[in-house]
Amino acid sequence: MKNKIGILSITLVLTIIVFSISTYMQKQLIDYEPKINCLVLNQDVDANQKLEAEMFALKGVPISLISTAQVVTSFSEIEGMYAKDNIYKSQIAMRNQFDTKENLSIYEAENGKEKISIKIQNAENGVSYAIKQNSLVNVYATVRSDYAKNFLVNNERLTVGDEYDGYTVIKLLDSTQVLGTFNIDGIEVNGYEDGIIDSIMVAVTPDEAKQINLLRDIATFNITGISNQYVEDEEV
């Protein structure tokens, strides 16, 4: 009798264990959701900021939370691109959040320099269509001599006429890289179909920016190209 009770006890315990394991496994199968490894921001990224690998971490995310058509699964998919808008820490990286520098019209300046637009009087003052992004140019300002006599006196210059009834050409920028060329509507000019060049964008020092802004209302700006030289884009 005792043996039968022992066997029944063992059978009961085993039944409970098997039932528990079976119930657990069934629950796991019901609750299971596949995940996909994708990039997640580990810091805030500003609009127009260039992407770097350290901005992201690879994490498994439940597939129901994301659009697999847009999710970024490897940094190589977006390497060299820029953020379209502000993106925040812990957000999942999606392809439509990023684009190339060209498509976003991003014009980068060296550290410590400011971007400034200079209006060109007419096409010949802008060397027609020969000037384009990355061209190297000299920038000149033509002003009345009475304005110029005490302004940028150490800059290269040429005066025609006398001090009160003449004009002075002052060299403002030397061998400066053009960041972009634009028509009167602010659209980038890449060829004849985009219209006539109305202004150029360059990067200048804070002092040069002050000088150009001071001259805007009293000077005509002209540019000359330097032997068809231009600066190559940096590799990304």
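Q: How many bridges join strand E6 to strand E8, and do they run parallel or antiparallel?
A: Eight bridges join E6 (residues 135-144) to E8 (residues 167-182), and the two run antiparallel. Strands here are DSSP runs of at least two residues, numbered from the N terminus, and two of them pair if DSSP finds at least two bridges between them.

Q: Before we go on, what are the ground rules for this model?
A: It's a predicted model: local features need pLDDT of at least 70, side-chain atom pairs count only at pLDDT 80 or more, and totals for chains, interfaces and linings use all residues. Residues are numbered from 1 along each chain as its sequence is written, and side-chain values use heavy atoms, with hydrogens and water left out.

Q: OK, back to E8. Which residue there is the bridge partner of Val139?
A: That's Leu173.

Q: And how does strand E7 pair with E8?
A: E7 (residues 157-160) pairs with E8 in the antiparallel sense over four bridges. Val160 has Tyr167 in E8 as its bridge partner.

Q: What's going on with Gly161 in that hairpin?
A: Gly161 takes a positive phi near 90°, in a hairpin with six residues between E7 and E8.

Q: Which residue in E9 is the bridge partner of Thr181?
A: Ile200. E8 and E9 (residues 199-204) are also antiparallel, over four bridges.

Q: Switching to rings: how many aromatic pairs does a search of the whole structure find?
A: Two. Rings of Phe, Tyr and Trp (its six-membered ring) pair if their centres lie within 6.5 Å; planes under 30 degrees apart are stacked, over 60 edge-to-face, and the rest tilted. Phe56 and Phe75 have ring centres 5.9 Å apart and planes at 45°, so that pair is tilted. Phe56 is in strand E2 and Phe75 in the loop between E2 and strand E3 (82-83), 19 residues apart.

Q: Are those two buried or exposed?
A: Both Phe56 and Phe75 are buried, meaning under 20% relative accessible area, with exposed being over 50% and partly exposed in between (1.4 Å probe, protein chains only).

Q: And what about Phe56 and Phe98?
A: They're edge-to-face, 6.3 Å centre to centre with 80° between the planes. Phe98 sits in strand E4 (residues 98-99), 42 residues from Phe56. Phe56, Phe75 and Phe98 form one aromatic cluster.

Q: Last one: why does Lys50 count as partly exposed?
A: Because its relative accessibility is 28%. Lys50 lies in the loop between strand E1 (35-41) and strand E2 (56-62).
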